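Colleague: I have a new structure to read and would like to know how to go about it. Could you take me through it feature by feature?

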Amino acid sequence: MRRIPKYAWVLAPLFAIPVLAISAILYTLACSSPYALRSSAPAGAGYYADAETAEQNYEDWDAEDYYASADAPASKSPFPIVNNELKLTPGAPSGVGAPLQRDVRARRSEVARGGRGRRGFISGQDDLRQKLAAYPGALPSQDEELWVIQKADADDSAGGRRGKGPCSGALLCKLPEQEETIPVPLEHTDVDASISAYIACVNVTQKFSNPYDQKIEAVYVFPLPQNAAVNEFLMTIGDRKIRGIIRDREEAKKIYDAAKRQGHVASLLTQERPNIFTQKVANIEPGKKIDINIKYFHTLAYDDGWYEFVFPMVVGPRYNPPGSTDGIGAVAVGARGKSGQSTEVEYLAPHQRSGHDVSLAVTIDAGVTVKQTKSVNHVAETRMDDQNRTIVKLSDRDSIPNKDFVLRYKVADDQINSALLTHRDATGGYFTLMIYPPETLRSLQRQPVELIFVLDCSGSMGGKPIEQAKSAIERGLKSLQPNDTFQIIQFSNNASQLGDAPVIASNENVRRGLKYLKSLKGEGGTQMIEGIKAALDFPHDEERLRFVCFMTDGYIGNETEILGAIHDKLDASRIFSFGVGSSPNRYLMNRMAKLGAGAVAYLSLNDSGASVMDGFFERISHPAMTDLKIDWGGMAVRDVFPERLPDLFVGRPVILSGRFDGQVPSRIRVSGAAGPQDRQIVINTSNAAGEHAGLAAVWARTKIADLVDRATWDIDRDISGDIRQLALNYNLMSQFTAFVAVDSLSRTAGTQGTTVRVPVAVPDGVRYETTVTE
Amino acid sequence: MRTLIAITLALALSTALVRAQTPDTKTVDTDVRFVAYDVFIDAGADALAAYQIEISDLSGRAKIVGVEGGETTAFDAPPYYDPKALNGEGRIILGAFTTEEDGPTGRTRVARLHMQIEGEPAVDFDVQLVVAADSNARDIDANVTLIEGKQ
Amino acid sequence: MDPKRRQRMTRRPDPDDSSRLTADLHRLYEPRGGIPDSARDEIRHQARTGLSDLSRSRRWGGLALVATAAAIIFGVQLVLQQMADSTNRRSARETTAPTPILAQREDIDGNGRIDILDAFALARRVDAASPLNPAWDINADGRIDRKDVDAVAQTAVQLNGGA
């Protein structure tokens, strides 16, 4: 009888190597598949009504609540269907289901097992998304762009839902002349800002309350400045103050969800976009109040002697290219699912009000005399205090949060001598350098320019925004000289232009351009990528400085695609972005300008487009210095942002943020080209240096923004880990970190309650009819 | 031989799927609980004006999810602490002071830590009182205790 | 050799001789005795048994190989998991443990270490409007106030550095 050879036993371990390799490959594939089934799924889950039935009969169902619920028996179907109508299980208005571990893959697989009571894989991704489109929040993307959708207010026409949840038997906020009452979990937002040098420290306090007779979870989506470094979070329950902790985003969500399920009062702050955040507060008992305090730092913009402080108050609706389903749809209240997008924002109609108001006060401690202040969009009161500080306060008559608060103030010119701020702590040195241009440059020979105007003609620009933009372009055309060239490009559903190539700015061509400009209207979609391509995809004229001017409100959902295209196609062009409207997408505008080594300007509805264009044109036709180089005088600098130094224009400083080691030198020299000549600026740091404790957070925020920008074109590099660690080190909010706070001392009774989302107003000046899908 | 290869491939596939199904973290939601720990300092007859304590989690199962102040107005604000504490570091340093003339005497709750605890067994903490001082910044005899708060 | 014999040897064989040859071969190689059926069956039985033992042995051997491979797979995965965890902790520590820089300005009471008493001391002086050392303007904003106190306190409770 033959025996197993001895060498077979020796070879057995070697046999494991290919098995390991196969296992690793299969593991990777299994983890990345969106359709991976989970063995921990409860037996009773998975039977859903079809999307139409669910949408018609159940407005409040929330996928997150469903998966988070711990109270429902596993054996029952979560949505018993009676007579083809979806019925809620009494006592669990937010949906029932056995507890599941909160995991993106689990969520997808569970919802995938649905559709008319059948189980199994969804055959195609489109089919999945179509089914999930009816369940807002049920399809988180890989980067967790969870847009919290405005909860549909109790709609009488739907029937059946009224009387079962927080929409009835509760104290509702009813304002004079208001046709529809809106439940208000967010009563008030208080903003207290303190400005020192050109860094603002802002405390935002959101006051939540439960006006219903049931326990609720309040969810509020709100904007902050796109360069805000959020680094403190405080939850106040009665007299008790609990400071929140920064955690990895997924970990924070798990902590929050576990606390919510167990009945603890908990709060979670997450970042959806660099300028959009979501605040959740769980287990607010009837009649109770909970305050959330958020603190952040950010640098102020400076333009021609004016500093600008912005507190954004409203999230603008976004446009999504046809065929895309991962964007953000703008829909009317109760019109969930109409946009076909995976996530949607519901906007109040013009006759609806949420009752939420804002109080705001800004204290300016510039260190020098403030000559003038100007509130651009709001009525505000200004006074001086006994410490010679300027205090600007929002008037009570203008406290509706439907437009950004923009405060500009001018300081005495001859006192500006502090251009370098530094800060040292246990982690090292941080600096911010502001380079001011010389004041006398108008004697320089004007350089010929090639001006490319790119006008957004989408629906959201309809009305006043596009008229403003057109007036600015018109002024620009009339300011051109015969040796300049220009082009006009419009984009909405697609792009078109005045001619095949830029034309000489002769009188006849300028007239033709004005006529073409007059014919443009604001309607259709926002295919901004077409505008980008049309503006940058043709040869550069070596004899002229090319400036590409984008006039847009930036209401799009594919920002990364836009920024990636600019990075790839920029070449020798300089991008100037003009944000138009009361609440433009400042994140996009600023990123475009930074990537394009240009600058950004904002035209609010009250600004004069022609005046803004005058200032812009004067600046670009007389650049103070190009091709900047900096001699740091022995200071060992690193991690300096922006990496590509922008040009220096009259009245507009260059701001750099970075790290340093060693001593601060007595002089820093900045050199560059000014036309045919070389120029140099010397910064004497002995009388130009100061310190600010917020610089570390500001620098970290700047670096995170740079990493995020880099991700748009550096697709081979995994930057998420870098961002996460940086944010944790500096206690900062980011897309990969979040703040969480839990009151573990007490537990509330009953189920985890209903999720109530704070309604969002359409930005002032944006036409509801052309922007929101009903 | 073919059978052997087939069995091995099946084993590898099942291993991969099981690993993919395995939670990324070691904790499932049902295994965590939230507990408040009260920090008491007994300063005896002296009035406590400033303190600094260091708490170490010996079990490695505690994560801090909130820091709350104490019971008296002197220490009602959340104490100072390093945000990186108890997030992989396993310890936290708390510090606070009051400039009120009369700080609390006797046994006082000066802070409360909200924690997420993995698993059922109680967590073992090591607590050290680094600083305890009166209103004149003089060291005082005091002791510190950490007690699980009652819900 | 006798030519006639050679002739006979080279002569083509007579076909009639093959049957005789065959008969002679049969007689020569005829089995001495027949194999009994029982013996034959026994041989067959033992052959089958031996072959099945061999097959079973091979089967068990195969399973042993697979089990060994599986054990190695799980063992390596566990080791890799442990290494990944420790690497994450190590990298977190490395990133979060910068070289502390001695911040003497925060040592308000001058005892050579920075703790909460330094913040306390500065707070008392600020509240009492006592004469203040300009070096205590920690954030160099031109004034010494509670913001500087916060900065000192935050340094005191740092896990790396401070006290």
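Colleague: Which residues of H11(A) are buried?

Modeller: First, a caution: this is a predicted model. In H11(A), the buried residues are A:Arg586, A:Tyr587, A:Leu588, A:Met589, A:Asn590, A:Arg591, A:Met592, A:Ala593 and A:Leu595.

Colleague: How should I read a list like that for a helix?

Modeller: The general idea is that an α-helix has 3.6 residues a turn, so residues three or four places apart point the same way. In this case, nine of the 10 residues of helix H11, which spans residues 586-595 of chain A, are buried, so the helix is largely enclosed by the rest of the structure. Just after H11(A), A:Ala597 has a positive phi of about 55°.

Colleague: Which residues are buried in helix H10 of chain A?

Modeller: Helix H10 covers residues 559-569, and its buried residues are A:Glu559, A:Ile562, A:Leu563, A:Gly564, A:Ala565 and A:Ile566. A positive phi of about 55° turns up just after H10(A) too, at A:Asp571.

Colleague: What does chain A look like as a whole, in helices and strands?

Modeller: Chain A has 15 helices and 38 strands. Of its 774 residues, 62% are buried. Among the contacts in chain A with a separation of 6 or more, 76% are between residues 24 or more positions apart.

Colleague: And what is the make-up of chain C?

Modeller: Chain C has five helices and zero strands, giving the pattern α-α-α-α-α along the sequence. Buried residues account for 25% of its 163 residues. For contacts in chain C with a separation of 6 or more, the share from residues 24 or more positions apart is 42%.

Colleague: Which residues have the most contacts inside the largest nonpolar core?

Modeller: They are A:Phe309, A:Phe311 and A:Phe405, in a core of 105 residues. Helix H13 of chain A, residues 695-713, supplies the largest share of this core, with nine residues. Apart from this core lies another, of 54 residues, which includes B:Val35, B:Tyr51, B:Ile53 and B:Phe125.

Colleague: What does A:Phe405 touch?

Modeller: Leaving out residues up to four places away in sequence, A:Phe405 touches A:Phe309, A:Val310, A:Phe311, A:Met313, A:Leu360, A:Val362, A:Ser375, A:His378, A:Val392 and A:Leu394.

Colleague: Is A:Asp706 buried or exposed?

Modeller: A:Asp706 has a relative accessible area of 16%, and the cut-off for buried is under 20%, so A:Asp706 counts as buried. A:Asp706 is found in helix H13 of chain A. Beyond residues up to four places away in sequence, A:Asp706 touches A:Phe641 and A:Glu643.

Colleague: How do I look for empty space inside a model?

Modeller: Rolling a probe the size of a water molecule over the atoms shows where empty space is left. Here the count is 14 cavities of 30 Å³ or more. The largest cavity has a volume of about 90 Å³.

Colleague: Which residues are the closest to the centre of the largest cavity?

Modeller: Of the 13 residues lining the largest cavity, the closest to its centre are A:Thr189, A:Tyr220, A:Phe222, A:Phe311 and A:Pro312. Strand S4 (199-209) and strand S5 (216-223) of chain A are the elements that give two or more residues to this lining. S5(A) gives the most, with three residues. By class, the lining has 10 nonpolar, three polar and no charged residues.

Colleague: How many disulfides does the structure hold?

Modeller: A disulfide is a covalent bond between the sulfur atoms of two cysteines. The structure holds zero disulfides over all chains. As for individual cysteines, A:Cys201 is buried at 17% relative accessible area, and A:Cys457 is buried at 2%.

Colleague: Where is B:Val131 placed?

Modeller: B:Val131 is in strand S6 of chain B, residues 125-133. Its relative accessibility is 2%, so B:Val131 counts as buried. Not counting residues up to four places away in sequence, B:Val131 touches B:Ala50, B:Tyr51 and B:Gln52, along with C:Arg113, C:Asp115, C:Ile116 and C:Leu117. The C-alpha atoms of B:Val131 and B:Ala142 are separated by 9.2 Å, and the two residues are 11 residues apart along the chain.

Key:
Residues are numbered from 1 along each chain as its sequence is written. Chains are lettered from A and ligands numbered from 1 in the order in which they are written. This is a predicted model: local features need pLDDT of at least 70, side-chain atom pairs count only at pLDDT 80 or more; totals for chains, interfaces and linings use all residues. Side-chain values use heavy atoms; hydrogens and water are left out. Buried means under 20% relative accessible area, exposed over 50%, partly exposed in between (1.4 Å probe, protein chains only). Helices (H or I, at least four residues) and strands (E, at least two) are DSSP runs, numbered from the N terminus. A nonpolar core is a set of buried Ala, Val, Leu, Ile, Met, Phe, Trp, Tyr and Cys residues joined through side-chain atoms within 4.5 Å. Contact means heavy atoms within 4.5 Å. On a 1 Å grid over the protein atoms alone, a cavity is a set of points where a 1.4 Å probe fits but cannot get out, and a pocket is an open set with protein on both sides within 12 Å along at least five of seven lines; lining residues have an atom within 4 Å of a point. Grid points are joined across faces, edges and corners, and a volume is the space filled by probe spheres set on the points. Ala, Val, Leu, Ile, Met, Phe, Trp, Tyr, Cys and Pro count as nonpolar, Asp, Glu, Lys and Arg as charged, and the others, Gly among them, as polar. A disulfide is a pair of cysteine sulfur atoms within 2.5 Å.
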